[in-house]
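Please read them with the structure open.

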Amino acid sequence: MEKNMKAKTVTPSKGALIPASNGLNPAVLEVLKKGIESGFFSAVLLPVKVPSDDSYAWVLTSQDSLLEKANVLPPVMTVQGGKALSSLTKHGASKMKIAAVMRPCEIRAAIELAKLKQIDLENVLLISMDCPGALPIQNYVDNPIEGEKNFSDAVQNDDVEPMRPTCKTCTHFSITSPDLHIATMGVTGDSILLVPSSAKGHSFLDEVGVNVETDASSWSSEIEKLTEARKSSKQKAVAEIKEQTSGFANFAEVLSKCISCHNCMSVCPVCYCRRCYFESDVSELSTEQYMARSAQKGSIRLSQDVLLFHLGRMSHMTMSCVSCGSCEDACPVDIPIAQIFSAVGDDSQSLFEYIPGMSPDDPLPLRIFSKDKELCDIERICADPLKGCDSK
Amino acid sequence: MSENTYKIGVYICECGPNIADAVDIDRVVETISKYPDIFIVKRHKLLCSGPGKDFLHEDIVTEGLTHVVVAACSPKDHETTFANICKKSGVNPYLYQLINIREQCAWMIKDKEAATDKVISYIRAGVRRVKYHSSLEQKELESTPDVLVVGGGIAGIESALNLASTERKVYLVEKSGRLGGTAGEFEGIMPYGSLSPEIVKSKIADAQANPNIEVFYDSIVESIIGFFGNFEVTVVRPNEDNIELKVGSVVIATGFELFDPSKTDKYGFGSKANVMTVREIEMKAKTGGVTLADGTTPKSIALVHCAGRDEVGYCSGVCCNSLLEIADYFKSKHPNIEIHDVHRNLCKTSPEEAERISNLEEKGVVFTRVSDVSINGDSSKTIVEYTDSKGTEKTIDVDLAIIAPAIIPGEDTPQVAQMLDLTIDDFGFFEEEHLMTGSFKTSVDGVFVTGCAIGPKGILDSVGQAQSAAGNILSRLVPGKKLHPEVKTSEVIESLCTGCQTCVTVCSYGATSYDEIRRVSSVNEAICRGCGNCVGSCPSGAIRAKHFTEKQLFQEVLEAIASSEISG
């Protein structure tokens with residue numbers, strides 16, 4: 001459980017300026033097509049509008065006809081991109097090179113899954129973009145045409161109000177640790193800035209023939225400014241959710257409407273067990289035992305384990321939760337589950353100075369152990385009282 | 001087996017007055033008897049006694065029990081005793097549960113009623129648990145009694161000599177061209193507490209002459225894979241093909257190096273002062289006598305302790321003695337020589353050593369406790385500067401300063417550790433399994449570390465450790481006998497394994513590995529010691545600890561915390 005000291009990625013100082021007079025999507029698709037034509041990658045994984053025109057699905061393709069329908073920044077997050085990439089490369093690296101265009105929280109989930117060996121990032125070029133947030137999926141599917149309009153208006157006006165609660169308070173909405181990042185915020189003049197942040201990213205831009213020579217400081221200072229503003233709104237939101245759920249009674253009350261559908265678990269990108277403990281028979285009791293418990297306590301709620309399910313999932317996910325909000329999007333009874341997980345995740349992650357998904361090189365905190373430091377840090381016991389250690 | 005074929009017997013031991021006085025056993029028997037599925041509840045004065053064991057055996061057989069619960073003392077005391085009786089009586093020893101009602105109830109709780117309540121809930125929990133037990137079978141493994149010893153120093157030689165026999169071959173791999181290691185270099189002056197040079201020489205000769213010890217000179221061990229009883233070793237030999245060996249156990253005796261005093265300017269290395277290390281004195285004494293750079297014999301010497309003590313961060317413990325030995329050497333050769341012993345601490349590890357200091361003082365050796373010491377000078381004089389116990393800075397001019405450098409880990413330590421997946425301590429030595437109870441064992445079963453490879457020590461201690469390691473191997477790796485690996489091991493439920501390899505990172509014994517082709521983890525039952533680390537860390541619940549399954553623990557806990565009413 002060693003602390004990770006280098007969790008923060010260094011923001012690149014230069015990018016390649018690309019004209020985007022028709023908006024972000026056509027400009028990015030243009031670059032992706034060049035990548036396919038040049039053979040740098042064989043296919044792209046990106047959100048494509050479904051035939052019924054009312055949602056998006058992850059599609060791995062190199063066909064122009066599908067790329068026409070792609071939207072690198074759709075108004076909603078349907079399936080979390082990390083989950084999509086996991087289903088593609090869980091059983092081994094792709095032999096062909098592919099590019100995956102995903103929101104920053106999807107990239108972070110992918111990095112976490114790579115650490116958990118559920119994704120193989122070899123031969124994958126990760127591309128992210130400055131993310132304005134996503135609309136609640138229910139609002140969108142109720143009226144997709146209005147949803148598209150609401151989203152583009154919100155993006156135009158830098159308005160986070162219509163977005164999902166976790167998006168409104170997201171502090172990692174820009175570059176995390178992709179190979180290539182598409183900068184839009186603070187980039188003026190109908191352009192986008194392609195910012196390479198790995199050797200793979202650089203060689204891709206070389207391949208498609210764009211020069212990385214534009215100063216990126218107006219973008220990075222805009223991101224810095226926005227991040228600070230988000231941090232304070234996040235602080236406020238976290239205080240509210242903690243107030244709402246503090247203590248056993250409040251916590252139980254917030255979760256009391258849970259219908260045990262386990263949607264939150266199914267859509268969570270980092271909830272990667274084959275079978276959830278709570279879907280096994282381990283904690284099932286005999287009829288007599290249920291009767292006895294009911295008699296003993298006066299009553300029991302059936303089916304059991306609503307609280308334990310959420311607490312169990314929380315303990316599993318808390319170090320790797322990227323606050324993507326998928327669980328809350330999928331909750332049919334509007335439990336603010338993503339906001340709860342995000343608040344708890346922030347606390348436990350900060351204990352180890354760990355930011356999930358920020359760097360593929362930061363080890364998962366619970367997999368490493370440093371005897372001296374951790375006994376002191378966590379238990380306040382010195383492993384070697386004669387020698388003492390750093391933290392004393 | 002359906003539930004109604006269960007015949008569970010509960011036996012309560014009074015442990016003389018230990019349990020009987022603190023617990024109302026009559027009430028326990030009465031309450032537990034009403035519990036469903038319990039066939040019999042009986043009490044006995046002392047189940048671990050001869051008559052007690054006979055009673056238990058006869059009763060299990062007569063009643064035809066399928067499961068046995070014994071409420072008695074700590075499992076450390078008699079878990080195995082009663083397990084053996086179950087086995088003898090035809091009940092699988094894993095269909096039995098010992099409940100500790102002595103240490104955890106009778107000795108803990110003064111109030112007899114409260115103690116009795118606790119005993120009842122413990123027994124109920126144990127009975128519920130035993131219902132979910134499965135029969136487990138003891139497996140047997142073939143093994144080879146042969147042993148690999150890495151390092152031909154005194155610790156390695158001693159291990160080899162103790163182990164080699166007509167039924168057990170020992171392969172001794174030495175990276176240099178000779179046996180004896182550091183101890184073998186001592187001829188002129190022997191540090192106190194060491195074997196005499198003749199004994200070291202005779203041990204080397206014995207090892208060389210022993211037909212059951214095969215020595216590989218100028219050779220290194222390239223790889224060791226396997227587990228206790230069955231290791232496969234590759235040795236790289238000079239001018240010959242690599243040789244593959246099969247051994248049952250491995251003794252690491254790779255020795256140490258000495259701290260290089262020229263790494264700091266404190267000890268006059270680099271100036272022109274006459275400064276020598278203990279080892280240089282040894283070598284000079286061996287080849288004709290100690291002289292200064294100009295060829296003359298020193299008339300005054302300073303013995304400066306703790307060279308490198310601050311740099312390495314620990315006391316090597318044996319260097320003080322080597323300096324005292326040198327004082328003895330000079331005093332016996334030149335009674336009038338002036339000797340100053342300048343130390344921060346004096347390590348005296350035996351009464352004889354304390355006596356030796358008194359003897360040296362009588363012979364005129366001046367012992368001075370100092371707080372800070374350095375050596376300077378030129379070819380004509382050597383100056384020892386120090387701060388005395390009163391805080392005054394002082395100097396002594398001598399012809400020669402002798403320093404005792406710290407013992408540091410051998411250069412091969414990291415490579416050997418990596419090869420065997422052994423842990424290294426903060427100072428770079430091999431880490432012992434436990435400082436007191438396993439000072440020559442490692443976290444890998446069947447791999448032992450002896451001598452200075454595990455930390456600074458004298459020759460006597462190295463020899464003792466080598467004998468201990470050999471003894472452990474002799475008692476456990478008996479030629480012709482099969483090994484009995486741990487029964488309560490972990491097992492992977494492959495259909496649930498996601499292949500995240502968390503279990504591989506948390507296993508202390510190297511028992512878990514990842515199958516790249518099938519993309520699941522697996523546990524090597526011959527290595528697994530059943531600690532449960534992998535079970536606890538597996539997010540998917542895909543690893544099960546035999547005899548500690550989630551179901552068993554869940555039911556046991558549930559019953560322990562249930563109300564005192566009979567819940568069934």
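1. Two strands are taken as paired if DSSP finds at least two bridges between them. In this predicted model, S8(B) and strand S9 (residues 230-236) of chain B pair in the antiparallel sense, with seven bridges between them. One of the pairings to look at is that of Gly226(B), whose bridge partner in S9(B) is Phe231(B).

2. S8, S9 and S10 of chain B make an open sheet of three strands, in the order S8-S9-S10, and the pairing is antiparallel. Strand S8 (220-227) and strand S10 (243-247) of chain B are the edge strands; each has a single partner strand, so one side of each lacks a neighbour in the sheet. On average, neighbouring strands of this sheet are turned by 20° against each other, direction ignored. In a regular strand the side chains alternate between the two faces of the sheet.

3. Strand S23 (residues 512-515) and strand S24 (residues 520-523) of chain B run antiparallel and are joined by four bridges. Ser513(B) is placed opposite Ser522(B) of S24(B). Four residues lie between S23(B) and S24(B) in this hairpin, and in the turn Arg519(B) has a positive phi of about 60°.

4. Next, a helix pair in chain B. Two packed helices are described by the angle between their axes and the distance between the axes. For helix H2 (residues 25-33) and helix H6 (residues 112-131) of chain B, the axes come within 10 Å and cross at roughly 35°. The crossing of H2(B) with H6(B) is right-handed. H2(B) contributes Arg27(B), Val28(B), Thr31(B) and Ile32(B) to the contact, while H6(B) contributes Thr116(B), Val119(B), Ile120(B) and Ile123(B). Sorted by class, the contact of H2(B) with H6(B) has five nonpolar residues, two polar and one charged.

5. How is chain A divided into domains? The domain assignment places domain 1 at 14-233 and domain 2 at 238-367. Taken over C-alpha atoms, the centres of domain 1 and domain 2 of chain A are separated by 28 Å. The contact between them takes 25 residues from domain 1 of chain A and 22 residues from domain 2 of chain A. On the side of domain 1 of chain A that touches domain 2 of chain A, helix H3 (81-89), helix H4 (104-115) and helix H7 (165-168) of chain A each supply at least two residues. H4(A) gives the most to that side, with 10 residues. By class, that side of domain 1 of chain A has 13 nonpolar, six polar and six charged residues.

6. Last, the confidence values. Chain B has a mean pLDDT of 91, and 96% of its residues reach 70 or more. For the complex, the predictor gives an ipTM of 0.80 and a pTM of 0.75.

How values were computed: Residues are numbered from 1 along each chain as its sequence is written. Chains are lettered from A and ligands numbered from 1 in the order in which they are written. This is a predicted model: local features need pLDDT of at least 70, side-chain atom pairs count only at pLDDT 80 or more; totals for chains, interfaces and linings use all residues. Axes are lines fitted to C-alpha atoms, for helices over the stretch in contact, and angles run from 0 to 180 degrees between N-to-C directions. Domain bounds come from an automatic or database domain assignment. Two residues are in contact if their C-beta atoms, placed from the backbone, lie within 7 Å. Ala, Val, Leu, Ile, Met, Phe, Trp, Tyr, Cys and Pro count as nonpolar, Asp, Glu, Lys and Arg as charged, and the others, Gly among them, as polar. A crossing is left-handed if the near helix is turned anticlockwise from the far one by less than a right angle, and right-handed if clockwise. pLDDT is the predictor's confidence in each residue, from 0 to 100.
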